[in-house]
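Good morning, colleagues. Please turn to the sequence and structure on the screen.

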Amino acid sequence: MTTPCLKQSSEIRKEFIEFFRDKCGHTEVPSSSVIPHDDPTLLFTNAGMNQFKDVFLGLGKRDFTRAVDTQKCIRAGGKHNDLEDVGTDTYHHTFFEMLGNWSFGDYFKAEAIGWAWELFTEVWGLDKSRLYVTVFEGNKDDGLDADVETENLWKELTDIDPTHITRWGKKDNFWEMGDTGPCGPCCELHYDSTEDGNGGHLVNLDDPNVIELWNLVFIQFNRGEDGTLKPLPNKHVDTGMGFERITRVLQGKTSNYDTDLWTPIFERIQALTGAAPYAGSLDAHIDIAYRVIADHIRCLVVAFADGGRAGAAGREYVLRRILRRAVRHARQTFGVHEPFLCNLVSAVADTLGDSFPEIIEHQSHIESLIKDEELSFLKTLDRGLELFDKAVTDGDGKTIDAKSAFELHDTFGFPIDLTEVMAEERGLLVDRSGYESLMEEARETSRASSATEKKMNIPPDVLSTLEQEGVKASDDSFKYDSKPKTTSLLAIWDGDALCREVNDDKTVGVILAETPFYAEAGGQVGDCGLITSGDSVFEVTDTHKQGDFILHIGTLTNGVLTCSVDVEATVNRERRDAIEKNHTTTHLLNHALRSELGDDVHQKGSLVDEDKLRFDFSHGHAVTDEQLQAIESAVNGAIKEDLEVHHQIVPLDDAMKICGLRAVFGERYPDPVRVVSIGASIDSLLSDPDNQDWMQYSIEFCGGTHLKSCCGAEHFAVLHEQALASGVRRMTAVTGQLAQDVYQSGVALLNEVERASSLSGDELVQAYTELVKKSEETTLSQTARHSVQKALQQLFVSVKKLQKSAASSLKDGALEYARALTESDDNVIVGTLPTVDKDAIMAALDAVRSKKPDGAVLLLGQTEEGKVLIAAGVSQSLIASGLKAGDWVKEVASVCGGGGGGRPDTAQAGGKDPNKIPEAVEKAKQFAMERAT
């Protein structure tokens, strides 16, 4: 095989970017986060186009029409899943880089094809005779002919061998974003790495020697809800090249894993384990383990650097599965018993850190997160492996039974795919259907019923129709003052179609020309309020953004509303005020957390509504009471200081230079962007962006609504601080009058506990019992709750002493009665005691039995709570005669409305009615006489 050129992977990445940026006029854009925080439809970013999805759907725009980047991608779980293939071949990965160039309504097929050929053959010197191109063969069901245009362009613009161009079907050469939306034909470039260079017949056959390198997608259609295709007004280009694959070809290797992207990680594994060096065998178990661990640690490091975490559901569970697959190989294949993957993070940082600096920035935190996850799994790993071995030994030699597979998952944390890999290594299968049945039973058991409100989403083709009909984008610039706004009603969406009128109480969405309503975004809920026209009243219960339009969701409560009429839009000001208190305070909390807990604290999510604020943040440990008090004090200090809240829209580049500015990692921000600063004016920030003094203020990108100054928040109190996922904590807090009430409740309850400490006797016990109940029922801040609990614990010490003293008195009284009973000459004794507890009656029983070792005794007594206690002891000789203690107390307890039992020699019982004790005594004597003679 001819080696085109020997380049470092970093050079290859750089040359791709420079080619399209400098020669072809593309804007270089950074990779978006591999964790799609703002796209719930994706587990992970799995293609370069994900960050431009809104552009292709017509929901967003950029200030450029050509773009180039290298995008971090993960394909593990969901529709695109390469996890099962990792380690067993030479070219599949969970994490990979996608080199891509895009055109948004700018150039099209000719330019994309010409530049692709130039880069491959002239810049990188690939052997033209080894390049193959596939094009779309057409599809009758869609009414599409073969893509002859693309085929002819390849023949006209390049000197590729025409016999190397082949046509393929929809599966291989027609790209679609989903069931509906933008789509179009594509052409793929494949490279023949076979020894003789005659591998053209292996194209698209998953042969490791003839692999796809680059896919050029020509987005020119839109698929509607009915499945039909319509030409797009603007045509786009979306290309994606596998970076690991092109590196392999340009470095003259036959496996992706033989390149300089992987060598440092393999060397680190060998250094830590002392294993034989990586040899590249597809069959050797140790080389499979090398590939799995190296691939998985790259994926984990990149995901964690972008804010991902291992957890129990969704994408977090996928990351946990990946980590545990790697830990299992480290344990079984390399014999490592301690955390190991965390020590490979530095090798990944060495290979990827220059291109993705967030890895280096968060390296120590990533190491800590991975180590914690490893320690958690290592606690159960060995026992799980023992169970697996037992399932193999006890099985039928063909299958791991469903019960064992379920127990491995449920008890020992083994993902089912890990169990299947282990089974495959033994030549076995797993009863997957049986396992899924057990899983479904478990889900049904734990599944809680919940109802979720369906949002009224307007499909992209309907949004396009609105634009084509001249309906202008909603102007929501009035949202920040929220004053009533007179405007016109543009459109009504009923959940299924656009309509001209609403005249019933069906939930619909209304679009206005201008609006003072805030649409849900950035964690802040949408506004509520009224839209009125004369006597007609539409109650808005939620507000969402749909493309460039603001959708006011609600119901008509009176009259009729028709498109084009003038209306007055009025926000529920009281609710908005409460939301703004919580939103401004969220910014103060974010700043206080970082100041108190350190620079590794990053926002992971938030919710701001009228009742509370909820803030998720990265932190490996529970926040201590001392830290929480400091955080609350810092926030309340800013409120008391009445810091002014400043906001201004500024160029993104200028904003990014401001010292101390906070942004949600992975979030895509517009340019220009709105900056919200609490305590420092925006002009002062921009005039001296490097000033370290800005670190003392909260400065964030934010499009939400806020107070004018902090005193409006009144007070701040944290109700709960808890773990949300591994390495992620959640705080729930309140502001305003509710926070003040919470604070006062804590002070009042602590004062009550202090007053109770001066009481004694029954008054102390009663006060303690009431205070415990009150503390459980009262809403308190977390710091106050912990203070009350500590105070109650101290109070309990005094209560316990009283109870111990009372119990001692009860015991002494019972023993006094017991001594009197032993003076009887009878061998069978039935007697009553004064007020007793369990310890007292059993002490009395032992005292009598010690004096009557060959006899039988049954004692009854009443507790302070008005219950009956019964205890009996019978010697072996009387048991032989037929008197058994368990039967005896059971019979007697039935008289008092109770029950019990026990062994033949000793038994206890209880009853509900102490008035029946005399009758029970007679029953006890009768029962004994009948059996002890």
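I shall describe a sheet, the helix across it, and one asparagine.

This is a predicted model, in which local features need pLDDT of at least 70, side-chain atom pairs count only at pLDDT 80 or more, and totals for chains, interfaces and linings use all residues. Residues are numbered from 1 along each chain as its sequence is written, and side-chain values use heavy atoms, with hydrogens and water left out.

I begin with the sheet. Three strands make up an open, antiparallel sheet, ordered β23-β24-β25. Strands here are DSSP runs of E, at least two residues, and helices are runs of H or I, at least four residues, numbered from the N terminus; two strands pair if DSSP finds at least two bridges between them. Because β23 (645-650) and β25 (698-701) each have a single partner strand, they stand at the edges, with one side of each left without a neighbour in the sheet.

Strand β24 (residues 673-678) is joined to β23 by six bridges, and valine 645 has isoleucine 678 as its bridge partner in β24. Between β24 and β25 there are four bridges; here valine 675 is partnered by phenylalanine 701.

Helix α17 (residues 573-597) lies across β23, β24 and β25. In β25, Ser698 and Glu700 on one side, and Ile699 and Phe701 on the other, are all buried, that is, under 20% relative accessible area with a 1.4 Å probe, protein chains only.

Finally, is asparagine 636 buried or exposed? Asparagine 636, in helix α18 (residues 625-641), counts as buried because its relative accessibility is 17%. Leaving aside neighbours within four places in sequence, asparagine 636 is in contact with His715 and Phe716, contact meaning heavy atoms within 4.5 Å.

Note on methods
Axes fitted to C-alpha atoms, helices over the stretch in contact; angles between N-to-C directions. Buried < 20%, exposed > 50% of the residue type's maximum accessible area, 1.4 Å probe, protein only.
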